[in-house]
Amino acid sequence: MAEPLFDEECEATKGCGEYDADLNCLMAYASRGHRVLLAGLLGEIDLYPGQERVLGALWDNGPQSQNALAKIVGIDVSTMTKTLQRLERSGFVSRRPDLANRRISIVEITPRGHALRPEVDRILTEMHRRMTRGLTEEQTEELTSLLGVVRGNLCREAGAGPAADHALDAARPG
């Protein structure tokens, strides 16, 4: 007999009933399970899901305006504001007015935020390892490719422009 896809006790996989093996349900299960696991691992270093993406954008691109950072990460500005408030309270980022336009806030990583990079890298590596357990390297590459196609389809179906971006942001971790 085949091993069940999900542990019956896993809260991240409950809710679809007879449609448990349906693609919609499996995507929801995978997304929810990813978020639960990521939240647990990031919680070990006082981060929430989505914050690692903001820190990554700053590590990769240097100081950014809040608006530019929201575009890089792919979330709306109000979600970015809340995320930055949490990161700032934790001492991982700081904001300062732009010298050329004082209405714009420039976000930069603090020394405490820079010190998190090895831990975030470790957690993301661990997430990858756990997500792909039981898959070959080729299967992992294929899954990555397929999910890229699905993401593109969903973005196109949601439509283009700010209204669609906002609708997709509502579903994103922040």
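Visitor: Which strands does H2 lie across?

Guide: In this predicted model, H2 lies across E1, E2 and E3, and runs at about 90 degrees to E3.

Visitor: And what order do those strands come in?

Guide: The order is E1-E3-E2, in an open sheet of three strands with antiparallel pairing. Strand E1 (64-65) and strand E2 (93-97) stand at the edges with a single partner strand each, so one side of each has no neighbour in the sheet.

Visitor: How many bridges link E1 and E3?

Guide: Two bridges, in the antiparallel sense. If you want a spot to look at, find serine 65, which stands opposite isoleucine 106 in E3.

Visitor: OK, switching to helices. At what angle do H2 and H4 cross?

Guide: Roughly 85 degrees, with the axes of H2 (residues 51-61) and H4 (residues 77-89) coming within 10 Å. That makes H2 roughly perpendicular to H4.

Visitor: Which residues make that contact?

Guide: From H2 you have Gln51, Val54 and Leu55, and from H4 there are Met80, Thr83, Leu84, Arg86 and Leu87. Five of the residues in this contact are nonpolar, two are polar and one is charged.

Visitor: What about the largest nonpolar core, how many residues has it?

Guide: It has 25 residues, and Leu47, Leu55 and Leu69 are those with the most contacts inside it.

Visitor: Which element gives the most to this core?

Guide: H2 does, with five residues.

Visitor: And what does leucine 69 touch?

Guide: Leaving out residues up to four places away in sequence, leucine 69 touches Val54, Ala57, Leu58, Gln64, Met80, Leu84 and Val107.

Technical notes: Residues numbered from 1 in each chain as written. Predicted model: local features only at pLDDT ≥ 70, side-chain atom pairs only at ≥ 80, totals over all residues. Heavy atoms only, no water. Axes fitted to C-alpha atoms, helices over the stretch in contact; angles between N-to-C directions. Helix = DSSP H or I, 4+ residues; strand = E, 2+ residues; numbered from the N terminus. Parallel < 35°, antiparallel > 145°, perpendicular 65-115°, else oblique. Contact = heavy atoms within 4.5 Å. Nonpolar A, V, L, I, M, F, W, Y, C, P; charged D, E, K, R; others polar. Core = buried A, V, L, I, M, F, W, Y, C linked by side-chain atoms within 4.5 Å. Buried < 20%, exposed > 50% of the residue type's maximum accessible area, 1.4 Å probe, protein only. Pairing = 2+ DSSP bridges.
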